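Here is a short report on one protein model. Please look over the sequence and the structure before reading on.

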Amino acid sequence: MKEYQIYPIKVGMLLNAEKSYFSYGRGCGTKMDLPVIMYLVKGEDTCLLVDTGCSDEEWAKAHHNPILRTPEMEPTNALRALGVEPEDVTVIVNTHLHWDHCFNNDKFPNAKIYVQRKEMQFAISPLPPQFVYYEPHQCGMIPPWIRALDRIVAVDGDYQLAEGIDLIFTPGHTPGFQSVLINTAKGAYLIASDTVGLLENWDLLSADGLPHPSGIHIDLSEYYRSLKRMKKICDFVLPGHDPRAFDHSVYPPQK
Ligand SMILES: [Zn+2]
């Protein structure tokens, strides 16, 4: 089977973020600075992004909580630092359509963008407590992913994107969430994004051996079903907002 390398790229920092949003009911009142992560997946004939990060600081300050985004963290600049031009990216996978995961889809003009159909349906008309995550018209906004609507490929459930790259339908954090399972020389890595926002959630097992969910979710029963499945199918997991994603510059780690 084909093998790939996965590069975590820091494209922003959520400042003073409430920990319990990322780990259900845990650490209430604890504030953390957490990275916004875009993953580059490279193979012999593959140049793929999983998620495209957040807005600039000004936009975030006006509509969300403050973030840090230096010029080096701007997604196209960060990608160029790894020797990849925005035009080289041929595929984007949005794990979900929260603003900090799809804001820059339009900056990669040659990429087809794979999104679950259910996620798009929900993103058009989210439930009120989750308006802020989607930037919907109910808030007088245009969702950021709409800017590249003409390049979106709607997916229904699991989907094999290429040999060794599978989209895995894992709802719970959002209704149409998908994780990305990638074959590497050292085993199967699952880019779990916000389903495993913090790696400590993955390690904090309940009595039935399942990881701890995010504080932000739409359906906790579905979430647990997804976690159960995720545990079975991968050797390693890569998180949505954990600083430990940058323990290595590439996965699998080089010696
Ligand atoms: Zn999210």
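Predicted model: local features only at pLDDT ≥ 70, side-chain atom pairs only at ≥ 80, totals over all residues.

## Zinc site

Four protein residues donate to the zinc ion: H96 through NE2, H98 through ND1, H173 through NE2 and D194 through OD. These donors lie 2.2 Å from the zinc ion. The angles between the four donor atoms run from 94 to 158°. Tetrahedral geometry would need all angles between 85 and 135 degrees, so the arrangement around the zinc ion is irregular.

Along the chain, the donor residues follow the spacing H-x1-H-x74-H-x20-D. H173 and D194 are 21 residues apart and link distant parts of the chain. H173 sits in the loop between β9 (165-169) and β10 (178-184). D194 sits in the loop between β11 (187-193) and α7 (199-203). Both H173 and D194 are buried.

## Largest pocket

The largest pocket holds about 450 Å³ of space. Its lining counts 23 residues, and L14, Y21, F22, N65 and Y133 are the closest to the pocket centre.

Which element supplies the largest share of this lining? That is β1, with five residues. The elements that each give at least two residues are β1 (5-18), α1 (19-22), α4 (99-102) and α6 (131-134). By class, the lining of the largest pocket comprises eleven nonpolar, eight polar and four charged residues.

## Second largest pocket

About 260 Å³ of space lies in the second largest pocket. It is lined by 16 residues. Nearest its centre are L199, F236, V237, L238 and Y251.

Two elements, α7 and β12 (236-239), each supply at least two residues of this lining. β12 gives the most, with four residues. The lining of the second largest pocket has eleven nonpolar residues, one polar residue and four charged residues.

## Cysteines

How many disulfides does a search of the whole structure find? It finds zero. C54 is in no disulfide: the nearest cysteine sulfur, that of C102, is 11 Å away. A disulfide would need the two sulfur atoms within 2.5 Å.

Is C54 buried or exposed? At 0% relative accessibility, C54 counts as buried, because the cut-off for buried is under 20%. C28 has a relative accessible area of 59%. The cut-off for exposed is over 50%, so C28 is exposed.

Methods
Residues numbered from 1 in each chain as written. Heavy atoms only, no water. Donors = N, O, S within 2.8 Å, 3.2 Å for Na, K, Ca; no water. Tetrahedral: all angles 85-135°; square planar, octahedral: opposite > 155°, others 65-115°. Buried < 20%, exposed > 50% of the residue type's maximum accessible area, 1.4 Å probe, protein only. 1 Å grid on protein atoms, 1.4 Å probe; cavity = no way out; pocket = protein on both sides within 12 Å on 5 of 7 lines; lining within 4 Å. Points joined across faces, edges and corners; volume = space filled by probe spheres on them. Nonpolar A, V, L, I, M, F, W, Y, C, P; charged D, E, K, R; others polar.
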